[in-house]
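Me: Hi, I have a structure open here and would like to talk it through with you. Could we take it topic by topic?

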Amino acid sequence: MQVILAHSAYGMLSHMLLLSEKVLLGDDLLEVELHDDLRYRLRYGALVEHQNGRRRLRGRSTAYEFRSVEQLRYDFERDVEAAGGRLG
């Protein structure tokens, strides 16, 4: 376990990477990262990226409200299709 912060009142705080995957889909790279502290990053090439409360689609960035992993996946897949990409 890697310790990120040690505090006398709270003990040791650490954050773990739960999932990290990179998959080449044709000419585009799909990257997925999920952390135990609800940080996340889903990226499809240069077209789509969802990362920690931000959503970027074709270079335009907007706020994104994280509700659940399932909703994040659904929204990301929808954005990839809208940008002309294919995940399967």
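Predicted model: local features only at pLDDT ≥ 70, side-chain atom pairs only at ≥ 80, totals over all residues.

Me: Nice. Which residues are linked in a network of salt bridges?
Reply: The network joins Glu31, Arg41, Glu49 and Arg56. Within it, Glu31 and Arg41 meet through their side chains, with 3.5 Å from N to O. That pair ties together distant parts of the chain, since Glu31 belongs to strand E4 and Arg41 to strand E5 (residues 40-44), ten residues apart. Arg41 also forms a salt bridge with Glu49, where the closest N and O atoms are 2.9 Å apart.

Me: And are Arg41 and Glu49 buried or exposed?
Reply: Arg41 and Glu49 are both buried. Glu31 is buried as well.

Me: OK, what does Arg55 pair with in a salt bridge?
Reply: Its partner is Asp79, at 2.6 Å from N to O. This is again a link between distant parts of the chain: Arg55 sits in strand E7 (residues 54-57) and Asp79 in helix H1, 24 residues apart.

Me: Why does Asp79 count as buried?
Reply: Because its relative accessibility is 3%, and the cut-off for buried is under 20%. Arg55 has a relative accessibility of 23%, so it counts as partly exposed.

Me: Let me step back a bit. How many helices and strands are there in the protein?
Reply: The protein has one helix and eight strands. Along the sequence they follow the pattern β-β-β-β-β-β-β-β-α.

Me: And what share of the residues count as buried?
Reply: That comes to 24% of the 88 residues.

Me: Which elements give two or more residues to its lining?
Reply: Those are strand E3 (17-25), strand E4 (28-35) and helix H1 (69-82). H1 gives the most, with five residues.

Me: Why is Leu18 called exposed?
Reply: Its relative accessible area is 55%, and exposed means over 50%, so Leu18 qualifies.

Me: Last one, on Asp27. Where is Asp27 found?
Reply: Asp27 is in the loop between E3 and E4. With a relative accessibility of 81%, Asp27 counts as exposed.

Me: How many residues apart along the chain are Asp27 and Gly45, and what separates their C-alpha atoms?
Reply: They are 18 residues apart along the chain, and their C-alpha atoms are separated by 8.4 Å.

Me: Great, thanks for walking me through it!
Reply: You're welcome!

Technical notes:
Residues numbered from 1 in each chain as written. Heavy atoms only, no water. Helix = DSSP H or I, 4+ residues; strand = E, 2+ residues; numbered from the N terminus. Buried < 20%, exposed > 50% of the residue type's maximum accessible area, 1.4 Å probe, protein only. Salt bridge = Lys/Arg side-chain N within 4 Å of Asp/Glu carboxyl O.
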